[in-house]
Each structure stands twice: as structure tokens, then as C-alpha cells.
Amino acid sequence: MTELRGPYTYSSALGDSPCGAGTFHVDLASGKIRWSEGMFQLHGYRRGEVVPTLELLFSHKHPEDRPRCEEIVAQVVRTGGYFCMYHRVIDAQRRTRRVLTSGDGIVHDGRVTALEGVMIDLTATLQRETEQTARDAVAGATSTRTVIDQARGILMGQLKMGSEDAFQMLVSTSSHRNVKLVVVAAELVQLANSAESRNYLETAVKAIAMDGQRRPVRQQAG
């Protein structure tokens, strides 16, 4: 019997590290299932510890995902065709993995005779991307606060006013122009930092001061 080989996988979120993955083949007539080494690893086993069966396979599906997975497989067994499902697997060590299973119902002489496909472990990929998104959000929030604080400082220096009054002027201009507060702040900071545009800084500050006279509802910084 030909040994199933693992697929080549790649995830940019993991750098040079490969994703865990395995391939499978189910002979529907005999009920025999072949797993590649990766399939055993994904389910927390070493080759030889268990005999792959559909019942074993489904027993490792997360309880909330198992019914839908069984429905999809049953449909493919009846009609053939491709299938793809994202779901959770709980391995033999009770670790939850998030996997993508994709396969094909092989049709021969008008009936489905086998299922074969691949299971890819996306757990580490999703975790790294989630962590990166969180880091980007924190960095973005910090950057936004820094720009607003810089613009506030410019108004404080130009108009000889307190920090809270300067912030409320920025808020008023943001509301009047219907643009985000950070955009107003960034434009002011850019004028102050650019030698070519610095001549327009006084005009911009005066415009913001006029907007501030409209006295919007007071907001908190951040």
C-alpha cells in the first residue's frame, strides 16, 4: 500500500515555519482509512497507537462543530464533489486546534467510492495574526494619541491657552469639518513641521480658534 505523503504548506504569518498538515484517504466499500503521518500528529497520536476510523475522526471534532461536519461528509458520500470546512479538533492531549479540511468525493461508475483530502492546522497562523492585529491596534492608538498631543501643544503655544481648551478646539474643528480628530491634528502638526508650509500655520491656528468659539460638547482625550 502506498504511503500517503504530507502536503507542502506555507504560511506567511509563520515566517519559515511550516503549517502542520496531513492527508487522508477513505475507502467507502471497505471502510478502511489511511492517514499520513501529519494526520496522526494533528490528532495527538503516534502512528500505530490507533487505527483510523470515521468514528475516531468525528470523536475528535469539537462538540459544537461535529454535527455540521458529519452533515457535510454524509452529503459528499451521497453525491460526490468537493468539500471544504473550517472547524475545531480536540486532540488526544485535549488541545484545541483550528483546522481547515478540504477534500473530494471520488465517483466511479456513478457512485462515490472514496473520500480523500487534506487537513491543515491553522491554529498557530491564526494566533500569530491575531497577536499582530492587537499589536498594530495598540501601536495605532499610541500614534494617534501622540499626534493629538502634539497638535494640542501647538495650540497651547500659539494661543497661550490650557491643555483642555486646546483639545476642545481640535474637537470643535473636527466636528465642524466632519473629519476625524486625528486628521485635524495631523494636518496641524504637518504644517508646524514643514518649512515650506510653516507660513500657513498661523492661518490654520486662527481657523481652529474660530471653530473653537462654537463651543461643542466637551469630550475627553483618548
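These notebook entries record what I looked up in a predicted model, going from strands to cores to one helix.

**Ground rules.** I number residues from 1 along each chain as its sequence is written. For this predicted model I need pLDDT of at least 70 for local features and count side-chain atom pairs only at pLDDT 80 or more, while totals for chains, interfaces and linings use all residues, and side-chain values use heavy atoms, with hydrogens and water left out.

**Strands.** I took helices (H or I, at least four residues) and strands (E, at least two) as DSSP runs numbered from the N terminus, and I call two strands paired if DSSP finds at least two bridges between them. I began with E5, which runs antiparallel to E1 with seven bridges joining them, and which pairs with strand E4 (residues 96–108), also in the antiparallel sense, over ten bridges. Methionine 119 in E5 stands opposite glycine 22 and also opposite threonine 101, while valine 118 in E5 stands opposite threonine 23. I then followed E1 to E2, where the antiparallel pairing has three bridges and arginine 34 is the bridge partner of histidine 25.

**Hairpins.** Between E4 and E5 I found two residues, and aspartate 109 in this hairpin takes a positive phi near 55°. The hairpin of E1 and E2 has five residues between the strands, and there glycine 31 takes a positive phi near 80°.

**Cores.** I used buried for under 20% relative accessible area, exposed for over 50% and partly exposed for in between (1.4 Å probe, protein chains only), and a nonpolar core as a set of buried Ala, Val, Leu, Ile, Met, Phe, Trp, Tyr and Cys residues joined through side-chain atoms within 4.5 Å. The largest nonpolar core has 22 residues, and among those touching the most other members are Phe24, Trp35, Phe83 and Met119. The elements that each supply at least two residues of this core include strand E1 (21–27), helix H3 (66–79) and strand E5 (111–121), and H3 gives the largest share, four residues. A second, separate core of 21 residues includes Ile148, Met169, Ala204 and Ile208.

**Helix H6.** Which residues of H6 are buried? I listed Leu181, Val184, Ala185, Leu188, Val189, Leu191 and Ala192.
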